[in-house]
Amino acid sequence: MTEHVLVERSDKLLILTLNRPDKKNALTRAMYQTLATEIAAADTDPTVRCILLLANGDMFTAGNDLSDFAALGQAGAAPAPTDANPFLVALARARTPIVAAVNGRAVGIGVTMLLHCDMVLVSEDALLTAPFVNLALVPEAASSLLMPLRIGHVRAFEMFVLGEPINAEKAVNWGLANRAVAAAELRAAAVATATAIATRAPAAVVCTKSLMREEAVLLARMTQESVHFVRQLKSAEFKEAFTAFSERRAPDFSKFE
Ligand code: COA
């Protein structure tokens with residue numbers, strides 16, 4: 001458990017709130033583990049009919065903690081490609097429906113996790129960015145498969161490779177979110193959405209979700225992505241990208257072949 005993820009149960013909902021606002025809810029390994037444990041536990045808890053993902057502070061999440069990434073990239077420390085992020089595995093396996101409420105920015109895994117959520121609400125000021133290539137990394141969370149399927153190849157390529165943010169209106173038009181709501185109303189709207197799901201016939205809901213998803217395909221793609229992700233974490237390209245972030249400057253990839 002970590003204080004950076006708040007866990008509440010309320011009226012058939014499991015509410016998981018990212019709570020590391022001073023670091024823009026950047027996700028640490030401890031946070032992933034708590035999220036994974038809670039999502040997996042919900043699947044065997046009949047009192048939970050829907051999971052709600054929220055975030056405290058002025059943004060949903062700045063993505064993976066970059067210091068964690070840098071530590072993983074050290075020689076000898078990098079995990080085997082098969083040591084998948086437990087949160088991603090839990091998302092791929094989840095049977096309980098998941099609703100996400102994206103307030104403000106979502107970066108990297110903050111966007112790719114949405115591809116595993118069943119309904120997504122965004123605040124009107126939301127900005128979604130998947131800057132994997134800007135960090136010299138590659139997409140994860142099976143997003144190399146799911147993102148082009150969801151929004152089309154050219155839009156997915158632009159998001160991954162140019163790393164430009166998309167706003168709430170585009171997120172809705174492209175099918176990444178159900179709807180945009182005023183920031184002040186986001187939490188209430190998300191609770192109402194999750195509560196509506198929780199009133200439906202539970203076995204039918206779970207079965208519908210599982211018919212819509214191919215768990216084995218998602219897990220296989222995550223493993224495949226990890227091979228490339230781990231290689232890139234150890235690369236000089238990533239070192240330059242991380243150093244640039246720490247020094248608050250743009251990375252210079254001109255010297256790489
Ligand atoms: N990992 C670790 N720390 C992070 C972080 C991340 N992904 N994102 C932000 N932080 C930290 C900053 O280092 C800073 O810490 P400090 O106060 O100790 O210096 C704090 O959170 C506030 O961040 P800051 O950059 O000042 O906020 P901002 O509002 O100006 O910008 C972002 C917000 C999200 C645009 C910017 O922080 C950013 O680009 N972060 C990196 C996002 C990223 O590349 N994620 C990985 C994707 S795969």
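How do the residues of the lining of the largest pocket divide into nonpolar, polar and charged? The legends below take up this pocket and other close-up views of the predicted model.

**View 1. The lining of the largest pocket, by class.** The lining divides into 17 nonpolar, 6 polar and 8 charged residues. The pocket has a volume of about 920 Å³. Its lining counts 31 residues. Closest to the centre are Ala62, Leu66, Val107, Leu135 and Phe245.

**View 2. The elements around the largest pocket.** Helix α2, strand β5 and helix α11 each supply at least two residues of the lining. Helix α11 gives the most, with 4 residues. Strand β5 spans residues 105–107. Helix α2 covers residues 66–73, and helix α11 covers residues 236–246.

**View 3. Helix α2 against helix α11.** Two packed helices are described by the angle between their axes and the distance between the axes. Here the axes of α2 and α11 come within 11 Å. They cross at roughly 150 degrees. The crossing of α2 past α11 is left-handed. On the α2 side, the contact is made by Leu66, Ser67, Phe69 and Ala70. On the α11 side, it is made by Phe238, Phe242 and Phe245. By class, this contact has 6 nonpolar residues, 1 polar residue and no charged residues. Two of these contact residues return from View 1: Leu66 and Phe245 are among those closest to the centre of the largest pocket.

**View 4. An open sheet of 3 strands.** The strands follow the order β5-β7-β8, and their pairing is mixed. Strands β5 and β8 stand at the edges. Each has a single partner strand, so one side of each is left without a neighbour in the sheet. Strand β5 also supplies at least two residues of the lining of the largest pocket.

**View 5. Strand β7 beside strand β8.** Strand β7 holds residues 127–129, and strand β8 holds residues 166–167. The two run antiparallel and are joined by 2 bridges. Look for Leu128: its bridge partner in β8 is Ile166.

View 6. Strand β1 takes in residues 5–10, and strand β2 takes in residues 13–18. They run antiparallel, joined by 6 bridges. Glu8 stands opposite Ile15 in β2. The hairpin has 2 residues between its strands. Asp11, in the turn, has a positive phi of about 45 degrees. In a regular strand the side chains alternate between the two faces of the sheet.

Key
Residues are numbered from 1 along each chain as its sequence is written. This is a predicted model: local features need pLDDT of at least 70, side-chain atom pairs count only at pLDDT 80 or more; totals for chains, interfaces and linings use all residues. Side-chain values use heavy atoms; hydrogens and water are left out. Axes are lines fitted to C-alpha atoms, for helices over the stretch in contact, and angles run from 0 to 180 degrees between N-to-C directions. A crossing is left-handed if the near helix is turned anticlockwise from the far one by less than a right angle, and right-handed if clockwise. Contact means heavy atoms within 4.5 Å. Ala, Val, Leu, Ile, Met, Phe, Trp, Tyr, Cys and Pro count as nonpolar, Asp, Glu, Lys and Arg as charged, and the others, Gly among them, as polar. On a 1 Å grid over the protein atoms alone, a cavity is a set of points where a 1.4 Å probe fits but cannot get out, and a pocket is an open set with protein on both sides within 12 Å along at least five of seven lines; lining residues have an atom within 4 Å of a point. Grid points are joined across faces, edges and corners, and a volume is the space filled by probe spheres set on the points. Two strands pair if DSSP finds at least two bridges between them.
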